[in-house]
Amino acid sequence: MKILVCISNVPDTTSKINFTGDNKEFDKNGVQFVINPWDEYALTRAIEIKEAKGGTVTVLNVGEADAEPNIRKALAIGADDAIRVNAHPKDAFFVAQQITAVAKENNYDMILMGKESIDYNGFQVHNMVGEMLGIPSVTPAFKLDMVDDSTARLEREIEGGKEVVEVKLPFVASAQQPMSEPRIPNMRGIMTARTKPLAVREPVGAEAKAEYVGYSKPEKKGGVKMIDPENAGELIALLRNEAKVL
Amino acid sequence: MSVLVFVEGLNGEIKKSSLEAAAYGSQVAQTLGTSATAVAIGEVHEEALAKLGEQGISKVLYDADSRLNQFVADAYVKVIAKAAQQESAKVLVFANSNIGAAVGSKLAVRLNGSLATNVTTLPKTDGGQFVVTRGVFSGKAFADVALTSDVKIIAVKKNAFEVSSNGGSTAAVEKLSADLADADFAAAPKETVMQDTDGGILLPEAEIVVSGGRGLKGPENWHLVEDLAKALGAATACSKPVSDLDWRPHHEHVGQTGITVSPNLYIAIGISGAIQHLAGVNSSKVIVVINKDPEAPFFKAADYGIVGDAFDVVPKLIEAAKALDK
Ligand SMILES: Cc1cc2nc3c(=O)[nH]c(=O)nc-3n(C[C@H](O)[C@H](O)[C@H](O)COP(=O)(O)OP(=O)(O)OC[C@H]3O[C@@H](n4cnc5c(N)ncnc54)[C@H](O)[C@@H]3O)c2cc1C
Ligand SMILES: Cc1cc2nc3c(=O)[nH]c(=O)nc-3n(C[C@H](O)[C@H](O)[C@H](O)COP(=O)(O)OP(=O)(O)OC[C@H]3O[C@@H](n4cnc5c(N)ncnc54)[C@H](O)[C@@H]3O)c2cc1C
């Protein structure tokens, strides 16, 4: 089983988000970057499948050199090798084209991603890649099992329910909780990760279709209005007459 | 040229998030001086389709192929692409749902279009540009994005646009057939299992959400959350530890690793307000926090707060909510 896991390199959830240059660019200053949390579910499930069935897990990031510590972390968790497409991603379409180019050269049996990158909240790269490759994309999936060597069974969430889907390899899927229990790298993993192959390749020519022209932040809340617990019912009146949400 | 809106059905009716997308699409059409058409698939009542006129939709294309009653991405894409071609649509509008975003992404590839998901504003079109604002960094910021391709595809954030309720005109419903082949259904689901939504309110679409955390001590106390939700016409949700402990099902878990909600009102009971929880609820319009600890971090993100024991406070809220005239 040859599995590709795509990871994005994103600000930790606890980061303060700021912009520079007249609110035209994200300010990376002092921001801690992590593997996109949803991608960890994909990575762990890929490693579990490899452990059960044999094969390889390759991680792929489209990004600049500053993503390498997190690519190494994915290797330490248990991926076998890694590819970084050396580019500053401009939008999701650009990223999807880079992933597709790598996939076309390598005949992966499955391509796993996270449900959504928590920086740009696109929820789209997986479906774009599936469409570009002409293979099914099952997103967002919270369960993934092999039925036999050529078929996988997935459960995906739809609003108000779930669908059980069986697909032939190859396919694309995106992961969400509780597909797996993300692992923390151990000492041995960290040591071996240093020597695992990390190939850097240049991007294929691809256009972006969305141009990010500026950023803003939500208005600050006006502060909290406290209500006496003895008169808790008053809250309901305030929600109707003041906040006008009931 | 026209604007095409894809509307999703549920139990024969059109989902609220799709009505919002329809209202959005007709406003875009107005700005561009054209009309808005909707495309519907699967099991939707004819009256529900005609009622899209209330949202400003002039025409509805409807493919009643019963194989489309469950979601099959390839087949849906084919039907919508056919409608887009027939209508020479340059702007396609979807709800930012699991289904809407999936078909929108695939169509962006197929139609070579620019896609923006999680969109919170109408487009600004001055100077020949087409710029929309979308939520980024998990509710912590917004980005303005120029969609530069000829075809523009927009997935509208849930609960960011008002559904119009002015009665008014009905839309003309026309049959559409995309001549689907068996191959289009190759990845059809084996099985579709819908949750028992009891009152019919889906959490991702709800205008009001009542949510419980570990402070409620155990599943046997969830009647507090449920009764308040019922009295307010709300959906119920929970924090991650609550679903990890199996007190509540996983699909109710909101936050960084669960679903994101953006209701008009989010009521958090016995939830501390960890940053990972806030990531899933911070774009709610009004947040109410009920917690016995005055230092709970959630109060910093709240609009209204009550410091008190949930077991004393919530019954009072239920009583007051029941007394409201609807
Ligand atoms: C203006 C702008 C500036 C950016 N700056 C940077 C930067 O400085 N450094 C940087 O590393 N990235 C940068 N990015 C890329 C960004 O982190 C995302 O990777 C990209 O925008 C896709 O986001 P999305 O929310 O649409 O992805 P989604 O569709 O939500 O992602 C779904 C899944 O696709 C996969 N995926 C997404 N992005 C990548 C990727 N880049 N590589 C591999 N797999 C991926 C992951 O599995 C992810 O869970 C930038 C993007 C934009 C638009
Ligand atoms: C990578 C990662 C991802 C995560 N993702 C999520 C996520 O998606 N969603 C999520 O929710 N969490 C997530 N978490 C967990 C998060 O950090 C918190 O641990 C969790 O949100 C706490 O849940 P809680 O507020 O229900 O419980 P607690 O933190 O235990 O808080 C219980 C609260 O109830 C109050 N309380 C106790 N008794 C009463 C009473 N009688 N009346 C009123 N109040 C009372 C207490 O004062 C306390 O504030 C994640 C964590 C990590 C590390």
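The following legends describe close-up views of a predicted model.

Residues are numbered from 1 along each chain as its sequence is written, and chains are lettered from A and ligands numbered from 1 in the order in which they are written. In this predicted model, local features need pLDDT of at least 70 and side-chain atom pairs count only at pLDDT 80 or more, whereas totals for chains, interfaces and linings use all residues; side-chain values use heavy atoms, with hydrogens and water left out.

**View 1. Chain A as a whole.** Chain A contains six helices and 15 strands (DSSP runs, H or I of at least four residues for helices and E of at least two for strands, numbered from the N terminus). Along the principal axes, its C-alpha atoms fill a box of roughly 65 × 45 × 40 Å. Of the 246 residues in chain A, 54% are buried (buried means under 20% relative accessible area, exposed over 50% and partly exposed in between, with a 1.4 Å probe and protein chains only). Among contacts in chain A between residues at least 6 apart in sequence, 68% join residues at least 24 apart (contact means heavy atoms within 4.5 Å).

View 2. A backbone N or O atom of V62(A) is 2.8 Å from a nitrogen atom of ligand 1. Oxygen atoms of the ligand lie 2.7 Å from a polar backbone atom of G122(A) and 2.8 Å from a backbone N or O atom of F123(A). On its own, ligand 1 has 900 Å² of accessible area, and the protein covers 94% of that.

**View 3. The surroundings of ligand 2.** Among the 26 residues around ligand 2, those that come nearest are K217(B), S239(B), S272(B), H277(B) and N291(B). A polar side-chain atom of D309(B) is 3.1 Å from a nitrogen atom of ligand 2. Taken alone, ligand 2 exposes 990 Å², 76% of which the protein buries. Helices α6 (240-244), α7 (275-278) and α8 (310-323) of chain B each give at least two residues to the shell. By class, this shell has six nonpolar, 14 polar and six charged residues.

View 4. E159(A) belongs to the loop between β10 (151-158) and β11 (161-168) of chain A. The residue counts as buried because its relative accessibility is 5%. Its side chain reaches the backbone nitrogen of N98(B) at 2.8 Å and makes a polar contact with the side chain of K158(B) at 3.1 Å. Not counting residues up to four places away in sequence, E159(A) touches residues including K15(B), I99(B), M194(B), L202(B) and P204(B).

**View 5. L112(A) in strand β8.** L112(A) lies in strand β8 of chain A and counts as buried because its relative accessibility is 1%. L112(A) and A46(A) are 66 residues apart in sequence, yet their C-alpha atoms are 7.6 Å apart. Beyond its neighbours within four places in sequence, L112(A) is in contact with I3(A), L4(A), V5(A), C6(A), A42(A), A46(A), L144(A), F171(A) and A173(A).

**View 6. Nonpolar cores.** The largest nonpolar core has 59 residues, and I99(A), F6(B), I80(B), L92(B) and F94(B) have the most contacts inside it (a core is a set of buried Ala, Val, Leu, Ile, Met, Phe, Trp, Tyr and Cys residues joined through side-chain atoms within 4.5 Å). Helix α3 (residues 73-86) of chain B contributes the largest share of this core, nine residues. Apart from neighbours within four places in sequence, the contacts of I99(A) include L4(A), L60(A), M113(A) and V129(A). A second, separate core of 40 residues includes A46(A), A82(A), A141(A) and V165(A).

Notes: Near = heavy atom within 4 Å. Polar contact = N/O pair within 3.5 Å; in protein donor to acceptor, adjacent residues only side chain to side chain. Areas by Shrake-Rupley, 256 points an atom, 1.4 Å probe, with all protein chains shown as cover. Nonpolar A, V, L, I, M, F, W, Y, C, P; charged D, E, K, R; others polar.
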